[in-house]
Amino acid sequence: MSEKLSKTALTPATHTTPPAKFSHGVRKGNVLQVAGQVGFGPAVEGQAPTPVGPTLREQTLQTLANVEAILTEGGATWEDAVMIRVYLTDTAHFAEFNEIYNEYFASLAQAPAARTTVYVGLPAGLLVEIDALAVLG
């Protein structure tokens, strides 16, 4: 019989404690799932999270940094990412998002699979949400 793998919840110091019973990321064995992240700036004790700015570029770069913080907390890098899912709030943002994404990941040896869709359920002012799946090793 094989040994049961432990599950570790991940919340980097840069992130606020989730408002409900979920984790920003979870690692089990060599699999790390990053929950949907948005363009909130680093956590400030006693303050609600706020978007870093009104533009797609500002929010996308912060969102990618937030995903990366969880990958790092779990012992992974973008090179370990096998799937990235992106949720935009406006179809007009696809071209600009793709430019930002391509710049950000220009140095990756192998690009992960990716999916981008339009989602209208983000809180007011947020333009993008990104989650990722990584496999370490």
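The points below are grouped by topic.

The model is predicted, so that local features need pLDDT of at least 70 and side-chain atom pairs count only at pLDDT 80 or more, while totals for chains, interfaces and linings use all residues. Residues are numbered from 1 along each chain as its sequence is written, and side-chain values use heavy atoms, with hydrogens and water left out.

**Strand pairing**
- Helices (H or I, at least four residues) and strands (E, at least two) are DSSP runs numbered from the N terminus.
- Strand E2 (residues 25-28) and E3 run antiparallel and are joined by four bridges; two strands pair if DSSP finds at least two bridges between them.
- E2 and E3 form a hairpin with two residues between them, and Gly 29 in the turn has a positive phi of about 65 degrees.
- Within this pairing, Val 26 stands opposite Gln 33 in E3.
- E3 is also joined to E6 by five bridges, and these two strands run antiparallel.

**Nonpolar core**
- A nonpolar core is a set of buried Ala, Val, Leu, Ile, Met, Phe, Trp, Tyr and Cys residues joined through side-chain atoms within 4.5 Å.
- Buried means under 20% relative accessible area, exposed over 50%, and partly exposed in between (1.4 Å probe, protein chains only).
- The largest nonpolar core has 25 residues, and those with the most contacts inside it are Leu 32, Leu 71, Trp 78, Ile 84, Phe 97 and Ile 130.
- Two or more residues each come from strand E3 (31-37), helix H1 (56-73), strand E4 (81-88), helix H2 (94-104) and E6; H1 gives the most, with five residues.
- Not counting residues up to four places away in sequence, Phe 97 touches Leu 56, Thr 60, Val 86, Leu 88, Thr 116, Val 128 and Ile 130, where contact means heavy atoms within 4.5 Å.

**Salt bridges**
- A salt bridge is a side-chain nitrogen of Lys or Arg within 4 Å of a carboxyl oxygen of Asp or Glu, and the count comes to two.
- Glu 103 and Arg 57 meet in a salt bridge (3.3 Å, N to O), which links helix H2 to helix H1 across 46 residues.
- Asp 131 forms a salt bridge with Arg 85, the closest N and O atoms being 2.8 Å apart; Asp 131 lies in strand E6 and Arg 85 in strand E4.
- Asp 131 counts as buried at 8% relative accessibility, whereas Arg 85 counts as partly exposed at 21%.

**Surface patch**
- Val 31, Val 82 and Val 135 make a nonpolar surface patch of about 190 Å².
- Patches are made of residues with over 30% relative accessible area and no salt bridge, with like charges joined within 9 Å and nonpolar side chains (Val, Leu, Ile, Met, Phe, Trp, Tyr) within 5 Å.
- Accessible areas come from the Shrake-Rupley method with a 1.4 Å probe; for residues, only the protein chains shown count as cover.
- Val 135, in strand E6 (residues 128-135), stands opposite Val 31.
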